[in-house]
Amino acid sequence: MTEYAPHLDTNTIVNFGLLAMLLAVLVAIVRTRSLLAAVLLMGIYSLISAVWFVVLDAADVAFTEAVVGAGVSTAFLLGAILLTRTESLTKRWQDMVMPGLVCVGAGVLLFYAALDLPLFGDPSAPANAHVGRFYIEETKNDVGVPNIVTAVLASYRGFDTLGETIVVFAGGIGVALMLGFGERSMGDLPPALRSPVMEALAESDHHVVLRSVAKLLIPIIALYAFYVQFHGEVGAGGGFQAGVIFAVAVILHALIFGLADTMDAIPPELARAFAALGVLLYSGVGVINMINGGNFLDYDHLFPLAFEAGLPGSHLSGGYHHWGQHFGIIIIELGVLFTVAATMIAMFYAFAGRAADVVGEGARG
Amino acid sequence: MADVLFWIDQLGMALALAGGILSVIGSLGVLRFPDLYTRLHAASITDTGAATLMLFGLALMAGFSQEALKLLIAWAFVMLTSPTASHALANAAWSSGQKPKLGAFSLMSGKREPAEADTASGEKGGAP
Amino acid sequence: MLLGATAAIMVAMVLMLVRAFIGPSNYDRILAANSFGTKVVLFIAVIGYLFGRPAYLDIAIVYALINFVTTIALMKFFRYRSLQASLSHRRVGEEARDG
């Protein structure tokens, strides 16, 4: 095998340009005192890193970064700022010595570790030579879906994805335990804390254009979520991204038409139920495989073997369709969609339902 | 026939390049103009213009295919969202008390001529 | 020529970043972020052609949509300090209850 030599091409130059931008944004985030500006810059940071993932040819990761980092996390961070203040406190320099030392130490360690990493794009790197090659060569025989990322995510590493889904679910429960599922904050909050001045202001301004465009866009965004969901087997995308996109559609509705209207359309109870239903669906598929004599999440046993062999084009009768794998992936992606979308919606309800407790802070830019 | 396809490709690339240059010009405007509203007009006009030039140019290169359709969908979304966002932004800034700079000012220094009374609210838009 | 277009968009992105850094008001920053998002859409589209991966267009489309929601969320927060307020006129039922 010939030695891999890094070389300067378009890809590398674009990479360096984007990394320089990332660094600049990072410095700006650290330096700004205004938390609102920091949230905005975090959104830009996510945008740039997602573009960087695109340039590195990691389309699925870029998709996730785009919808999560630039989309919902901005809304969540704004909701979090609602509960605190809008300026960060200035610290004495004595208080910053120890954290500074820890940061510098960790940074030096990371740089030291980075020296051992294989070069970018090195074909003999462990990730490319062993497990990556196995996935690329065997996906066609084992799973039979065109998008290898989906095959790895949903089939080879189904356990990991189940864990991630449960993490999202647990995160939603954690937020709900602290802030409520939304209905508590909306209902019981005394009117004094609902900043009626701001609400009256929002209603008196003219937002005809915004409302008309939002009315047009919300169904399109929701439709696009389902495109991403069902296209995930073939192209970039999947249940996680689709769930977040659907939640973004609901968030847009809440932003324009008010949280009360959105809660009429999608009650918090529904979001709660669907969050649990998703996890149930996912682990239920695993249990069905066990009942049919396979391992947990081994989709080859999703249907009884005799039934699968009778299906048209089945790999058991010489075809190339792995029907168990196809249906298993579709169902667990649906479970991921339910959990992610419902959890994001419930979390947004929880954050946005709380009005600005510090009414006096008012609308200072 | 191949000749025609070649020139269509070249035309598409030229349109994409024109879009890129237009967006640089717009960004220069956003950087140089003196107040929010002039910056807004520089950004919003060149954004939609650059998106039109670039996405249509790429669609020409893609020919009659699924990619061209996706490019047109992306273009439609940009045309729908970008002006709306600009409008909402201008609306919010105006009603929160940001005043445009009026009267003569020097473009080079970005400052207004001293003869004018200072009515620009500047950085902070107070509560109305 | 596509390379030139890519480079031009990158320059435009950098210029927009400068505006996002220096402000001065928060509305200037939202303006810069929104315009930056549009440029990201164009950048991804043109990069897809430069590297021969038209599949990136899905990501470009999703940006065009997400960017709008982010801008509206930021705008609404800066203006009203609330994410729950309705931007439409009061519903009939609410009027009756409040009156």
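Is A:D57 buried, partly exposed or exposed? In this predicted model, A:D57 is partly exposed, with a relative accessible area of 36%. The legends below begin with that residue.

**Figure 1. Backbone at A:D57 and A:L297 in chain A, two non-glycine residues with positive phi.** A:D57 has a phi near 70° and lies in the loop between helix 2 (35-55) and helix 3 (59-82) of chain A. The phi of A:L297 is about 65°, and A:L297 belongs to the loop between helix 14 and helix 15 of chain A. A:D57 is partly exposed, whereas A:L297, at 5% relative accessibility, counts as buried.

Figure 2. With a relative accessibility of 2%, A:T74 counts as buried. Its side chain reaches the backbone oxygen of A:A70 at 3.4 Å. Leaving aside residues up to four places away in sequence, A:T74 touches A:V39, A:G43 and A:G69, and also C:T70 and C:L74.

**Figure 3. Helix 12 (residues 239-257) of chain A and A:G258, just after the helix.** The 19 residues of helix 12 should span 27 Å at 1.5 Å a residue, and the end C-alpha atoms are 27 Å apart, which agrees. The helix is mostly covered, as 16 of its 19 residues are buried. Just after helix 12, A:G258 takes a positive phi of about 95°.

**Figure 4. The aromatic pair A:F303 and A:F327.** Over all chains, the count of aromatic pairs comes to 14. The ring centres of A:F303 and A:F327 are 5.6 Å apart with the planes at 70°, so the pair is edge-to-face. The two residues are 24 residues apart and link distant parts of the chain: A:F303 is in the loop between helix 14 (268-291) and helix 15 (305-310) of chain A, and A:F327 is in helix 16 (residues 323-353) of chain A. A:F303 counts as buried at 19% relative accessibility, because the cut-off for buried is under 20%. A:F327, at 38%, counts as partly exposed.

**Figure 5. The aromatic pair C:Y27 and C:F78.** This pair is edge-to-face, at 6.5 Å centre to centre and 90° between the planes. It links distant parts of the chain, with C:Y27 in helix 2 (residues 26-50) of chain C and C:F78 in helix 3 (residues 57-80) of chain C, 51 residues apart. Both C:Y27 and C:F78 are buried.

**Figure 6. Other ring arrangements, in chains A and B.** A:F134, A:Y135 and A:Y156 form one aromatic cluster. In chain B, the charged end of B:K99 sits over the ring of B:W94, 5.2 Å from the ring centre.

Figure 7. The structure holds five salt bridges over all chains. B:R39 forms a salt bridge with C:D28, with the closest N and O atoms 2.5 Å apart. B:R39 is buried at 6% relative accessible area, and C:D28 is buried at 3%. C:D58 and B:K70 meet in a salt bridge at 3.2 Å, N to O. C:D58 counts as buried at 4% relative accessibility, and B:K70 is buried at 12%.

**Figure 8. The salt bridge between A:R157 and A:D160.** The closest N and O atoms of this pair are 3.9 Å apart. A:R157 is partly exposed, with a relative accessible area of 43%, and A:D160 is partly exposed at 40%.

Notes. Residues are numbered from 1 along each chain as its sequence is written. Chains are lettered from A and ligands numbered from 1 in the order in which they are written. This is a predicted model: local features need pLDDT of at least 70, side-chain atom pairs count only at pLDDT 80 or more; totals for chains, interfaces and linings use all residues. Side-chain values use heavy atoms; hydrogens and water are left out. Rings of Phe, Tyr and Trp (its six-membered ring) pair if their centres lie within 6.5 Å; planes under 30 degrees apart count as stacked, over 60 as edge-to-face and the rest as tilted. Helices (H or I, at least four residues) and strands (E, at least two) are DSSP runs, numbered from the N terminus. Buried means under 20% relative accessible area, exposed over 50%, partly exposed in between (1.4 Å probe, protein chains only). A charge sits over a ring if NZ of Lys or CZ of Arg is within 6 Å of the ring centre and within 35 degrees of the ring normal. The expected span of a helix is 1.5 Å times one less than its number of residues. A polar contact is a pair of N or O atoms within 3.5 Å; within protein, one must be able to donate a hydrogen and the other to accept it, and residues adjacent in sequence count only if both atoms are side-chain atoms. Contact means heavy atoms within 4.5 Å. A salt bridge is a side-chain nitrogen of Lys or Arg within 4 Å of a carboxyl oxygen of Asp or Glu.
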